Amino acid sequence: MRRTDRLFDIIQILRDGKLHRAQDMAAQLEVSTRTIYRDMDTLVASGVPVQGERGVGYMITEAITLPPLTLSVAEMEALNLGIAIVGEAADPDLKAAALSLGAKIDAVSPSRVIAQADEWKFAVYPFADATRAFAHMPTLRAAIKARQKVELNYQSKRNERTCRIVRPLHMEYWGRIWTLTAWCELKQAFRVFRVDLIETAQALPELFVDEPGKTLADYTP
């Protein structure tokens, strides 16, 4: 497993707000405890609000969110897309400026729980390849707003290809990586898809309505 994928999986584990021991995460991800310790140090240094210590355990101490402030959702999306793009630049001064701007935004933005599908979460940690996800953003954003089912052709982290019909519920931005939280019609369960691993995304004519157990409010990480 690539390190970027492992960091993503660690965040998914910690998102339930409970205390997790490094030994347990290491067993789940099939790596050494020492590797988990190094990964936790990386996440903490990247600004993820993780509390804990070696031998005790780790947990996320607050929601990783950035509400729209006085900007519209589209304006906030554009701002963070710009930060992600500049962060990929070869110019070290521009990279530093992008990181500084992101930190300033975080500093003035209160955290809260996201409960609506048309809002966005933001966090900063060390992922790359943001541009691979850009092509699918218009389709997914429009489908969330229209409550329209989407057919995804998806390549998993283990290079397995699958086709899924999903109800797109929520987009999240994780510092150069976007994820889509959706209800999967095939698995009859919630799934989180990395947008950069989506090969094609086609909006279907079929719309969906809220059903008990299938809404974003029902999703528990």
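In the predicted model, the protein contains seven helices and eight strands. Of its 221 residues, 45% count as buried, and the accessible surface amounts to about 11300 Å², with carbon and sulfur atoms contributing 53% of that area.

For helix 1, which spans residues 3–14, and helix 3, the angle is about 80° and the axes lie 11 Å apart. Because angles of 65 to 115 degrees count as roughly perpendicular, helix 1 and helix 3 are assigned to that arrangement. On the side of helix 1, the contact is formed by Arg3, Arg6, Leu7, Ile10, Ile11 and Leu14, which meet Thr35, Ile36, Arg38, Asp39, Met40, Thr42 and Leu43 of helix 3. Classified by residue type, this contact between helix 1 and helix 3 comprises seven nonpolar, two polar and four charged residues.

In helix 7, which covers residues 137–146, the buried residues are Met137, Leu140, Ala143 and Ile144. These residues lie on the same side of helix 7, because the arc that they cover around the axis is only 140°. An α-helix has 3.6 residues a turn, so residues three or four places apart point the same way. Just after helix 7, Arg147 adopts a positive phi of about 55°.

Positive phi values are also found in two loops, at Glu30 and at Gln188. Glu30, although not a glycine, has a positive phi of about 60°, and this residue is located in the loop that joins helix 2 (22–29) to helix 3 (33–45). With a relative accessible area of 73%, Glu30 is exposed, since a value over 50% is required for that class. Gln188, likewise a residue other than glycine, has a positive phi near 50° and is situated in the loop between strand 6 (178–184) and strand 7 (189–194). The relative accessibility of Gln188 is 44%, and Gln188 therefore counts as partly exposed.

Notes. Residues are numbered from 1 along each chain as its sequence is written. This is a predicted model: local features need pLDDT of at least 70, side-chain atom pairs count only at pLDDT 80 or more; totals for chains, interfaces and linings use all residues. Side-chain values use heavy atoms; hydrogens and water are left out. Helices (H or I, at least four residues) and strands (E, at least two) are DSSP runs, numbered from the N terminus. Buried means under 20% relative accessible area, exposed over 50%, partly exposed in between (1.4 Å probe, protein chains only). Accessible areas come from the Shrake-Rupley method with a 1.4 Å probe; for residues, only the protein chains shown count as cover. The arc is that of the directions from the helix axis to the C-beta atoms. Axes are lines fitted to C-alpha atoms, for helices over the stretch in contact, and angles run from 0 to 180 degrees between N-to-C directions. Angles under 35 degrees count as roughly parallel, over 145 as roughly antiparallel, 65 to 115 as roughly perpendicular and the rest as oblique. Contact means heavy atoms within 4.5 Å. Ala, Val, Leu, Ile, Met, Phe, Trp, Tyr, Cys and Pro count as nonpolar, Asp, Glu, Lys and Arg as charged, and the others, Gly among them, as polar.
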